[in-house]
Amino acid sequence: MQKSVRYNEGHALFLSVVARKEGTKRGYLSKKTAENSRWSEKFFALYQNVLFYFENEQSARPAGIYLLEGCTCERTPAPKISTTGKEALEKQHYFLIVFGHDGQKPLELRTDEECECDEWVEAIQQASYSDIIIEREVLMQKYIHLVQIVETEKVAANQLRTQLEDQDTEIERLKSEIVALNKTKERMRPYHVYHENEDPDIKKIKKVQSFMRGWLCRRKWKIIVQDYICSPHAESMRKRNQIVFNMVEAETEYVHQLYILVNCFLRPLRMAASSKKPPISHDDVSSIFLNSETIMFLHEIFHQGLKARIANWPTLVLADLFDILLPMLNIYQEFVRNHQYSLQVLANCKQNRDFDKLLKQYESNAACEGRMLETFLTYPMFQIPRYIITLHELLAHTPHEHVERKSLEFAKSKLEELSRVMHDEVSDTENIRKNLAIERMIVEGCDILLDTSQTFVRQGSLIQLPSVERGKLSKVRLGSLSLKKEGERQCFLFTKHFLVCTRSSGGKLHLLKQGGVLSLIDCTLIEEPDATDDESKTAGQVFGQLDFKLVVEPSDSPSFTVVLLAPSRQEKAAWTSDISQCIDNIRCNGLMTSVFEENSKVTVPHMIKSDVRLHKDDIDICFSKTLNSCKVPQIRYASVERLLERLTDLRFLSIDFLNTFLHTYRIFTTGTVVMDKLADIYKKPFSSIPIRSLELFFATNQNNRGTDNTNDRSPRLCRKFSSPPPLSIQSRTSSPVRIRKLSLHSPITARVGGLDLTSPLSNSNFNHSSSQSAASSPTSSPQNSEAGDMSPCRSPSTPRHLRYRQPGGKSVGNSRCSVSPASAFAIATAAAGHGTPPVFTNSERTCDKEFIIRRAATNRVLNVLRHWVSKHSQDFEMNGELKMSVIYLLEEVLRDPDLLPQERKATANILNALSQDEQEDAQLRIEDILQMADCPKAEYFESLSAMELAEQITLLDHIVFRSIPYEEFLGQGWMKVDKTERTPYIMKTSQHFNDMSNLVASQIMSHTDVGSRASSIEKWVAVADICRCLNNYNGVLEITSALNRSAIYRLKKTWAKVSKQTKALMDKLQKTVSSEGRFKNLRETLKNCNPPCVPYLGMYLTDLAFIEEGTPNFTEEGLVNFSKMRMISHIIREIRQFQQTPYRIEHQPKVTQYLMDKTLTMDEDTLYDLSLKLEPRLPA
């Protein structure tokens, strides 16, 4: 049926006349109008498949025409109206015509007589030709079927014909072989006759000769076998066999572990869940064990197959076993995907005493060998990687011509693909994928990266400066290292560790033998050189304050210092901010653990789990099953108030949450609101801990407070300052406070001895001045101490409840006292300037926890502000009111008389960074290049080398790319009407991309002869390849997009002159930056590339647009879609990581002037016209 009909007015009038006179069916019908839904009587005439209607029977022209072909017609019930018109409607009979054309409304008609209605319906159905259409479709199906049968018969006939020809050929060959055999048989007959008549002595001689030949042959084969046994191939085969045997043993052990998991835990717990008083529900059992029973059955089958193959040794064929195993390994996806959730359910179930008791009973089984259930649940997580490692080792000792080589490679690739899919589906997909990628890059491997709680923060290149005695730098050696780049290190920062690697000539990474893996819990960050340290001060001047230190104090080895040099101040600020955040987050967690667990049965995990606001959905928050770096469920949706509450929760602060919040807060709130919350949490620190947790915290301390006769209303519950502290603060040049420059907490771990001030090591660090050793009156009361005037032995930075006087000048340096972890922290940080440890009363220990919480609140505020100011300084540059509010808060912090020295130092650093005038960036800007007045005359393209062009293109691209502020990536401003005002730097980047692409195309088209154009193309492709080596994929795309323009792509004569190597290289480059599969190849390349790098910005803009359009910022309930904020923040973090690592490329004005010269470029129309002029179209 055709979709449209050509209308001829004369023909239509003629048909209407014929229809009115000789139509199949004619008469008056009531038609429902579409405008006002009223019924009007019209005269209708049906002729063949056309329905005409007239105003009346005498009308000459039809009022309308309906083409009935393909329509359907049926009776419809009368519409429901009021009872008054019901009787009238019962006399009316309705029918409906539905047309087969798209967009055409149905036609509603009615008649007064039922028989007339039936006649009209039947006539219209016949006119629709529906039966004919159905019959036509049936015939078409039969025709297609017959055509397929004919084609199949043709193919079969051809195959039979080919088989007959092959059989004829085979028959002829067999005949020729029979003839040849007959001839050979006739020739051999005389020899047999002669052999039968041979002399017996001759037979004996021949027999001896036969034995000698056999002996020589066996001796020769023995030598060959002995040589083979000593050959590398045999050694490789022995190692291969050993790998197989080890794999069988490992598989036996794994099956045994699964057997214990299922028979000692899963099945007994299922039976327990079916009891009258079940300690656990069936749903929880399923959530904990997942499909572990199915995994056990699968590996039992695989293990039996392995044992059968070992029984046939030395013939070891394993590839087919893996071919059978591979399709069934998909069951691991469910297990790995929900593993973290299963452990979380198990931890929740352990809160039930009955279950915990029953589980300990199961774990005491001799078969478990002291291992816990969590251990058995973790074994399947490592099985797929274990198979990959085994196959990797197996392939390393399998020759390329081996029969199993391809099958094993296929199995390994499938397992790696499955492993990637599984890692894509685990709770923290991007984090684990990044960790594994880095782990694969390191030759020695790194076990700490296999920890799923290890969250990647940043990576980049830093220069490690050598250190000599006492941590001082060797200046002579530094210069040579900077010139030869011997000290360049590839550094990776994670939430718990810091990796330092060297890069070999082949591009592989190697961990340093000493200081390659630094545990951040043992590290102290020193950002600024001490003013009293002349060596550090001089070194800071030499390197422009770009160096910072990590003092590492491991428990099992001597301490050492790692000195690193950043390429720029911006890079240094980013590194130190992230490192400080990670260190302080670890130590804050340890500190809060010691505070809440001391003298209390309530542990921090129990306290966090008892707070349902952290893991259970509510009206103003919704969680996902994914856990963040602090092992707390990530937020999916939440109100602004709950997000601010999470930001200021003293118990933990996930660095990924902090990054996401600071990147995207402007979407759902303002900086002023955030600042008000930070100020409130500083002034009222106890409001940051939920009431339920406070009740658990103080539950065990009520009796102590009653017996000590202390005032329940501690002055530390809120902050009140009567007067600013003295301006002169005693300097402690050798105290531990100076050493721990930016660490706001000492590590609180099981190694409490590290904080014992009575040890000789601690005493040796103190500087005993006469003012500090002066005797004070032992009769001072606690009231006097609280109100007290400042005395020489009282530091304004020492907490009031920790200040003391030495009794009568008697030295107590050798006396030991039992110090709690919280008290030890206070001593180490606040009283480090004193030479002797204090003796605490019970009331002072009670106040310890309040003091620690205040310190933790100050720490949290300073951490957030430091991160905010150092990484998002443009927020304060654009908002003067926000900047002043931060300055006022920091000045208020400095007026706190109980402020610790390191808190005071950190506050002063943030305040200085915020208050100082904006310094001119030493790095180049595009404006500087454009405004250079003393630039030399621009060079010609022919005089510039491909290396010079590639380096300067990379330099310009990175300058433009790094100038984009992160707030332009929010809200799809680049797609709005006012995009130039909303996202000027993104528009500049896009314009720069187009200008460079135009320059490449214009330079090629500027040559009139074919050879010159081909040479230019080859040179630009070489430039693009160098850009790829420099990780400038934006430059690669600039050049390849220019070469793919229609004006250049159509130059067949020119491309014929281009060499095959250049074309192959161009295809490789295009494949790398191809947009196919959402830039799949480019993403994979960027994942494995190390900064500095210039990615293609359009890829990230596409991702951001997809996120913005696919998910709303707020839910229907008005909650912030924080999952979307997390995705946006992840993209912005990746962009900023590439922005912050500069290239070490020297600016060459003669080259950049050529690249920025707009007079050399032509527009698209001019280029195409010139292309047609140089190579006209060939006649058809």
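Colleague: At what angle do the axes of helix α37 and helix α39 cross?

Modeller: In this predicted model, the axes of α37 (residues 984-1005) and α39 (residues 1033-1043) cross at roughly 45° and come within 8 Å. That makes α37 oblique to α39.

Colleague: And is the crossing right-handed or left-handed?

Modeller: The crossing of α37 and α39 is right-handed.

Colleague: Which residues make the contact?

Modeller: On the α37 side they include His992, Phe993 and Met996, while Leu1037, Glu1038 and Ile1039 are among those from α39. By class, this contact of α37 with α39 has 9 nonpolar, 4 polar and 1 charged residues.

Colleague: Switching topic, what's the strand order in the open sheet of 7 strands?

Modeller: The order runs β4-β3-β2-β1-β7-β6-β5, and the pairing is antiparallel. β4 (64-67) and β5 (72-76) are the edge strands with a single partner each, so one side of each has no neighbour in the sheet.

Colleague: How many bridges join β5 and β6?

Modeller: β5 pairs with β6 (residues 93-98) over 5 bridges, in the antiparallel sense. Threonine 72 stands opposite valine 98 of β6.

Colleague: Which helix packs on the sheet?

Modeller: Helix α1 (residues 9-22) does, touching β1, β2, β3 and β4. The direction of α1 makes about 95° with that of β2.

Colleague: One more: where does UniProt place the "coiled-coil region"?

Modeller: The unreviewed UniProt entry puts it at residues 147-184. In the model, that stretch is 100% helix and 0% strand, with its end C-alpha atoms 56 Å apart.

Definitions and conventions. Residues are numbered from 1 along each chain as its sequence is written. This is a predicted model: local features need pLDDT of at least 70, side-chain atom pairs count only at pLDDT 80 or more; totals for chains, interfaces and linings use all residues. Side-chain values use heavy atoms; hydrogens and water are left out. Axes are lines fitted to C-alpha atoms, for helices over the stretch in contact, and angles run from 0 to 180 degrees between N-to-C directions. Helices (H or I, at least four residues) and strands (E, at least two) are DSSP runs, numbered from the N terminus. Angles under 35 degrees count as roughly parallel, over 145 as roughly antiparallel, 65 to 115 as roughly perpendicular and the rest as oblique. A crossing is left-handed if the near helix is turned anticlockwise from the far one by less than a right angle, and right-handed if clockwise. Contact means heavy atoms within 4.5 Å. Ala, Val, Leu, Ile, Met, Phe, Trp, Tyr, Cys and Pro count as nonpolar, Asp, Glu, Lys and Arg as charged, and the others, Gly among them, as polar. UniProt positions are given in the numbering used here, feature names are shortened, and annotations may be inferred rather than shown by experiment. Two strands pair if DSSP finds at least two bridges between them.
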